[in-house]
Amino acid sequence: MFRNYLMIALRNLKKNKLHATINIVGLAVAFICGILLFVFVQHEFSYDTFHNDNNKLYKTYNYIHDKDGESLSPTMGYPQSKMLKTEVPAVEYVSSYMNSGGSVMYNDKEYEMPVYLVDTDFFSMFSFPLVEGDTKNPLRDLGNVIITKKAAKIIFNQVDPIGKSLSVNVNGKWQTFVIAAIAETPPRNSTLNFDVVLRIENRSDFAETKDEWGRQHHPIYAKLRSNFTQTQAEKQIQSAMRKYVEADVQGLKNEGAKPDSKGDVYTIRLLPMLDVHFNSEVGNQNGISKTFLYILVLIGLFVFAIACFNFINLNVARAFTRAREIGVRKCLGAGAKQIFVQLVSESVILTLFALILGIVGVVIVVTHFTEIFANRFDLNILYHPFTIIFIVITSLLISIVTGGYPALLMAKFSTTETLKGKVSLKKPGAFRNSLIVIQFAIASLLICCTMIIYYQFDYLRNASLGFKQENIISIPVYDVMNGRDILSKFRTRLANNPTIENVSGSSINIGIGNDKSQSKWQCGFDFNGQLVNTTMVNVAQDYFKTLGIKIIHGREFTSEYMSDTLGSVIVNESMAKQLGKGNVVGTKFLMDSADGLNIVVGVVPDVHVYSMHDLTEPTTYIANTTSPFRYIFVKVNSENPKQSLDMIASIYKTIEPGKEFKGSFMDENTQRWYEQEKNLANIFFVAADIAIILSCLGLFAIALIIIEQRTKEIGVRKVLGASVFGITTLLSKEFLKLVGISIIIALPIAYFAMNKWLQDFPYRISLHWWLFVLSAGFAVIIALATVSFHSIKAALAKPIKSLRTE
């Protein structure tokens, strides 16, 4: 019996190649999109779930509620760790997590790998198993270091590393440590990624600034005791902090700040570890928002819905062309159950073919997919039993649901009516029309959203940052403590080169360079009884000239004033507003008692040294000789920038021999700020294309079937004098009405969704009416072109051919 069903199903599919192909291709594309998006989303939601007691792990962040609203910052100072551990009963473990660069040395060979400074509780908090050496408390001694299995293999190959000496570059200074233990390499779904770990007390400035709350430069994580909640812990933190920030809170209140609903003006709050990956503000700068993931899930569901609606519509439409076949089968003794099974078996075979084609498609496109998401895609998930079970169950459900309704409809046909040819689809039912409306509503929604996302991305990409970023080469420095000497060598080597305009340096990069590093240094201090917060940037002479930033008041840093390297600062306009009204040049304030008084020597405009995802912040530029330079900026005026980059790379290799040159153009670096928006625009573009193509394929096939059934009607109308234009309009207007309804449904949804999405951007486009009209017009043109092909062809046909059988 099964063999008989299979043979008949294959015969029918062969007979109706066009419709079978449309169904198979549509479902195959849906499977490709669904599998890839499901696996990617599943991987993203698995971040940090491998930690034991992950619901008790938190990342701390500063919360300030001033007169302008909320201000959040993930950076902490050294004393916050001690306060949380000793004065907050709800906290069981605390650990800093400070990036210390990426260099270690063994046997005079240097290796690049991420080095992090932590507290002794680190391995008690997080589930990074220690597999060799001291697995109990490997960080008990300051001279101990822990490396991962990956690092051990790279540095020592097959040699046992336990007890070996390893030199580590800590804040630009080489120190020697003893390897006390080996840890498992962090998995790909870990927010914390390291190869080398050592105590934070090894940092050179720890002893000097361990009690300074204003110096904040690294994140801190905490684990709560099992019998305390986040709310209880935050109340305890609020109480413990009062004595440390009392003056700061009073300063904020003097400026007009009022407590929020929880009674907080300045406190430390907790972000659950499971949310760190999805929070780019105080969590993970390179994370991904949950909204973005939900959008991906919706896109996958939309594509599946369109493909399934096509399947149902085509099968229902074909049901009426197969009416006589069903009638004959019933006359020969086939029951409703047998008809149903036969028709569902055809659906199962189609779905199976589509699944096989979809899996082949996944294998082909998965490499490109991983490139779009910066290798965040874990291919191993494809082979996970849960993924395989999910795919199989989804395939069965699709084949039953999409094939079940048409099969049930056809199985209920009256034998006499089908043999008389009275079953007709000339006046389509509400169900079929509803599916067409939903299809084109989804397509119209994706078209509109794609246009808006693209324009927002284009706006961010081309918006002025307040400085000239073109033709500036950004070069990461390895030996940061000797960054000034490296800068001096670059200036000497490039001094007589006519293609070089300026050379300068900074403690931070602008944009995301080839080293993939981003950093921020913030400082808070009291000024005239008010709390002042500022972002700190250490710069070299000619920094503002190199970037083309004009000085509004005062002057730039120059070698003519020795005081510039001691206490002189240049502030932006936002910082100047915190220091007073009018020209603040000459204003003195004390940021750090150890560094002495600072004096403002210049004011510059607010520029975006960080991305336009955030508003510009109060910024203070210093020229302190004790703070390291991490980046060198070279302004070139060559007509061949690539040639200049190669020339600078060759010079760099003589200044820092043996190091990889990671220089890149600043305008390319700033573009990387908006990779997520770019990826979202690309995904929507592809999804919109797929939705349009699948919708048009379905409309194309249904129009063909309906027009075939109205062939004689068209012939009669032509005999009675109907024009080609009149017949084409008659046949097309029914479908265009459905497309019009879909547009009316889609555009308000698109407006609401995109308006809400744009609220996350402080700098955003306006939702102009023409964007919606343009997307609606595009959908109408596509639908009209699809239907008109068959309509015009039928209208041009000779009437004698359609009336011959009458």
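Strand β15 and strand β25 (residues 664–665) run antiparallel and are joined by two bridges, with strands taken as DSSP runs of E of at least two residues, helices as runs of H or I of at least four, and both numbered from the N terminus. Within this pairing, S474 stands opposite S664 of β25. Strand β15 also pairs with β24 (residues 631–636), in the antiparallel sense and over five bridges; two strands are said to pair if DSSP finds at least two bridges between them. Here P476 lies opposite Y631 of β24.

The model is a predicted one, in which local features need pLDDT of at least 70 and side-chain atom pairs count only at pLDDT 80 or more, while totals for chains, interfaces and linings use all residues. Residues are numbered from 1 along each chain as its sequence is written, and side-chain values use heavy atoms, with hydrogens and water left out.

How far is β15 enclosed by the rest of the structure? Five of the five residues of β15 (residues 472–476) are buried, so the strand is largely enclosed; buried means under 20% relative accessible area, exposed over 50%, and partly exposed in between, with a 1.4 Å probe and protein chains only. In a regular strand, side chains alternate between the two faces of the sheet. In β15, I472, S474 and P476 point one way and I473 and I475 the other, and all are buried.

A buried position is also found in a loop. T587 sits between α17 (573–579) and β21 (588–589) and has a relative accessible area of 18%, which makes this threonine buried. Its side chain reaches the backbone oxygen of V584 at 2.7 Å, inside the limit for a polar contact, a pair of N or O atoms within 3.5 Å in which, within protein, one must be able to donate a hydrogen and the other to accept it, residues adjacent in sequence counting only if both atoms are side-chain atoms. Leaving aside residues up to four places away in sequence, T587 touches F527, L579, N598, I599 and V600, contact meaning heavy atoms within 4.5 Å.

Turning to the cysteines, the count of disulfides is zero, a disulfide being a pair of cysteine sulfur atoms within 2.5 Å. The sulfur of C449 is 5.9 Å from the closest cysteine sulfur, that of C448, and therefore too far for a bond. C449 is buried at 4% relative accessible area, and C33 is buried at 16%.

Overall, the protein holds 24 helices and 25 strands, and 53% of its 806 residues count as buried.
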